[in-house]
Amino acid sequence: MTSKSIPELLKRSLQSHMAEADLREDEEMQDIITKLSTLSDKVAAAKAQVLARRAEKAADKI
């Protein structure tokens, strides 16, 4: 099971509220969604980098 990052969870929550018409899909909301997507990508890249370093250290210990 993969866990979702906080930015990804926030983005999905906002999208859900827009779908239910709780929030309007305007320029400001699109800007927020875009920024959350960018942040989510950065979190995923950082996580992948950490996991790669851990794997590298584990391989060095063998």
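Visitor: How many nonpolar, polar and charged residues does the lining of the largest pocket have?
Guide: In this predicted model, the lining has two nonpolar, four polar and four charged residues.

Visitor: Where does the largest share of the lining come from?
Guide: Helix 2 gives the largest share, with four residues, and helix 1 and helix 2 each supply at least two. The space in this pocket is about 200 Å³.

Visitor: What describes the packing of helix 1 and helix 2?
Guide: Helix 1, residues 6-19, packs against helix 2, residues 27-61, at an angle of about 150°, and their axes are 8 Å apart.

Visitor: Why is helix 1 called roughly antiparallel to helix 2?
Guide: Angles over 145 degrees count as roughly antiparallel, and the angle here is about 150°, so helix 1 is roughly antiparallel to helix 2.

Visitor: Is their crossing left-handed or right-handed, and which residues of helix 1 and helix 2 meet?
Guide: The crossing is left-handed. From helix 1, Pro7, Glu8, Leu10, Lys11, Leu14, Gln15 and Met18 meet Met29, Ile32, Ile33, Leu36, Ser37, Leu39, Ser40 and Val43 of helix 2. By class, the residues of this contact are ten nonpolar, three polar and two charged.

Notes. Residues are numbered from 1 along each chain as its sequence is written. This is a predicted model: local features need pLDDT of at least 70, side-chain atom pairs count only at pLDDT 80 or more; totals for chains, interfaces and linings use all residues. Side-chain values use heavy atoms; hydrogens and water are left out. Axes are lines fitted to C-alpha atoms, for helices over the stretch in contact, and angles run from 0 to 180 degrees between N-to-C directions. Angles under 35 degrees count as roughly parallel, over 145 as roughly antiparallel, 65 to 115 as roughly perpendicular and the rest as oblique. A crossing is left-handed if the near helix is turned anticlockwise from the far one by less than a right angle, and right-handed if clockwise. Contact means heavy atoms within 4.5 Å. Ala, Val, Leu, Ile, Met, Phe, Trp, Tyr, Cys and Pro count as nonpolar, Asp, Glu, Lys and Arg as charged, and the others, Gly among them, as polar. On a 1 Å grid over the protein atoms alone, a cavity is a set of points where a 1.4 Å probe fits but cannot get out, and a pocket is an open set with protein on both sides within 12 Å along at least five of seven lines; lining residues have an atom within 4 Å of a point. Grid points are joined across faces, edges and corners, and a volume is the space filled by probe spheres set on the points.
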